[in-house]
Amino acid sequence: MTRSKSWIAAGSFAVCLLIPLVVRTDYNLQVLFRVFLFAALGLAWNLVGGYAGQLSLGHAAYFGAGAYAMALLPHFGVSLWVAPVLGIILAVAFAALIGGVSFRLRGPYFALATIAFAEVLRLLAKNLPSVTGGDVGIQVPSLFAHAINRSFYLAAVVLTAIAFGVTVWVSRSKFGYYLMAIREDEDTALSVGINTARTKLEALFLSAGITAMGGALYGSLFLFIVPDQVLSLDISNEIAIVAMLGGAGTALGPILGSIVLESASETFKNVFHEAHLLIYGLLLVVVVIFLPEGIVGTVNTWLARRRSALAAAPKQRAQRNSAS
Amino acid sequence: MGAPGLRSWKRESGLDAFFSALQAILNGLLTGALYALVGMGMALIFGVMRIVNFAHGTFLMLGMYATYFIFEKTGLNPYFGFVFASAFLFCLGYLIYRGLIQHMPVHSDFMQILLTLGLALIFTDAIQLTFGADYHQLNLPLLAKNVHLGQHISLNAPWLVSFGLAVVLGSGMYWFVMHTRIGRAARAIAQNRYASPLMGINVHRVQAVSFGLGVAGAGIAGGLLLPVFYIYPTVGDQFTLKAFVMVVLGGMGSIQGAAVAGLVLGVVESLTSLYWGNEWALAVDFAIFLLVLSLRPAGIFGSQRV
């Protein structure tokens, strides 16, 4: 990142922290919380799905691990701020199991395996009511006692900033280049000496950890969780869609994707009421047909084309002059 | 999703235990035949054509609602009405391929997933807006009838009828894919997408017909499930993942493999419901799926083709 870009990033972060001075209603703060929460989750997914090109559709497993750790552990005397940390550790343990099995598969098989793991966890949570409260759900303690919505909003902004920082570090490090090599051609990456299994697992650990923290915040804000919500396919899909909509494999993509998708889906709910899922579905179809590289990808392609056209223009003029 | 007409499991005698297991296996086969139709449709779409279709269950749901709509409007028995419903779904699948899938600029797995998820949301919400979110059920006189085999085994009549029709139509679908020109062309495209147009195959036409056929397979299953199921807009969701499970168990690209996997899945779910309870059936499906994926990715009945 160049110096000017770092200043822009720091400035945006500061502006996001100051937003609660202007936005004061609980509803708006909750919508903004969701925007930043999914920005952080999208950034986390992007490490595996974007940079390493491994299409995980089971991130609800890590999200749910964080949420359930936040709900269950305080009952055993674990303090409020230690619970999310243990949730992160639990999610990383899940990631070791899920990644260990799934990363040996490629293409749609990998995606299906991640879905199956998340679904098994959802069904376990549903069918073991003595542990998780089952379908009835379970209460989650609140991490913050005062100015609840504002505090959760700020926590989501900080989580997004952390995820963004990790992403920028990854995209410039040797580790990140390994991941991109795996995305472009896994066999070639293996043949030039990259330990692909280990690299993919490490990326998944980072991703799962951030996702679990997001799950803990989510559960803790809404005070109540059920398996069909925090461990659902819908959560997994939404995380992946946010990243793909903005632009997979870019640092800004998931943030933009979350801003667009979450504000669109909130607006649709208010404007179209019962038809909001229909409109949301149409949005997905439009993205596939017209914006397959995501927002950032499409803009980059457009900029590159413009730049090359600009660069070509004087050359053509010079050629024309020399010809005459 | 429970097996039909399960008797409670009695522990008293070995013979009773044997009969209840036999009953569960038979019920499982009845359910499994309908699963097989769902799986064969998906085997055509995902296994042969490699289109990752997350709307398969939604197509099944549309088949149910179309049959239901025909029954409500004309009183036509669903065992005839499903023919029209599945013809409608064939056209819908054909149009979806021609209008959307053919024009996708990027054909990655994720773009296909995104597109079919979008379609699933659109159709599910459209049905909910039209028919409401409530549960509906058909009242057919056939529903109450049971066929008794000896003293201990009884089979529910509508399930038997659906089973018979599913076997006939499933065999027809298999014959179509294996022995007609279009079926051969579809398999040729699966083997080599670049050589097949050089052999004079119109790839998009064949793919559009195959996609329509796969969607119709889900629609037929929906029509045949209608008499024995409650219907509601999200009823199809459970079948999407099961269809993927069947294709992978049966071996990618194998139509008959998916059909056998459907029967196996039906029996496994029925036995799981009997011994552990209904709520574990789906978890066992996924556990088997993960075991097969990690130990034998070519599928249990895996032909290595495609």
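First, some housekeeping. Residues are numbered from 1 along each chain as its sequence is written, chains are lettered from A and ligands numbered from 1 in the order in which they are written. Because the model is predicted, local features need pLDDT of at least 70 and side-chain atom pairs count only at pLDDT 80 or more, while totals for chains, interfaces and linings use all residues.

Let's start with chain A. Chain A has 15 helices and two strands; these are DSSP runs numbered from the N terminus, with helices being H or I of at least four residues and strands E of at least two. Along the principal axes, the C-alpha atoms of chain A fill a box of roughly 85 × 50 × 40 Å. A compact globule of 324 residues would have a radius of gyration near 20 Å, and the 21 Å of chain A agrees with that. (That radius is taken over C-alpha atoms, and the globule rule is 2.2 Å times the number of residues to the power 0.38.)

How many of the residues of chain A count as buried? The share is 47% of the 324 residues. Buried means that 20 or more other C-beta atoms lie within 10 Å of the residue's own, exposed means 12 or fewer, and partly exposed is in between, with C-beta atoms placed from the backbone.

Now the inside. The largest nonpolar core has 204 residues, and A:Ala40 and A:Ala156 touch the most other members. Such a core is a set of buried Ala, Val, Leu, Ile, Met, Phe, Trp, Tyr and Cys residues joined through C-beta atoms within 7 Å. Helix α2 (residues 26-51) of chain A gives the largest share of this core, 16 residues. Leaving aside neighbours within four places in sequence, A:Ala156 is in contact with A:Phe33, A:Phe36, A:Leu37, A:Ala40 and A:Leu217. Contact here means C-beta atoms, placed from the backbone, within 7 Å.

Next, where the chains meet. Chain A and chain B each bring 34 residues to the contact. On the side of chain A, the largest share, 14 residues, comes from α5(A). By class, that side has 27 nonpolar, four polar and three charged residues. Ala, Val, Leu, Ile, Met, Phe, Trp, Tyr, Cys and Pro count as nonpolar, Asp, Glu, Lys and Arg as charged, and the others, Gly among them, as polar.

Finally, a helix pair in chain B. Helix α6 (residues 181-191) and helix α7 (residues 203-225) of chain B pack at about 110 degrees, with axes 9 Å apart. Axes are lines fitted to C-alpha atoms, for helices over the stretch in contact, and angles run from 0 to 180 degrees between N-to-C directions. So α6(B) and α7(B) are roughly perpendicular, the word for angles of 65 to 115 degrees; under 35 is roughly parallel, over 145 roughly antiparallel, and the rest oblique.

Definitions and conventions:
Two residues are in contact if their C-beta atoms, placed from the backbone, lie within 7 Å.
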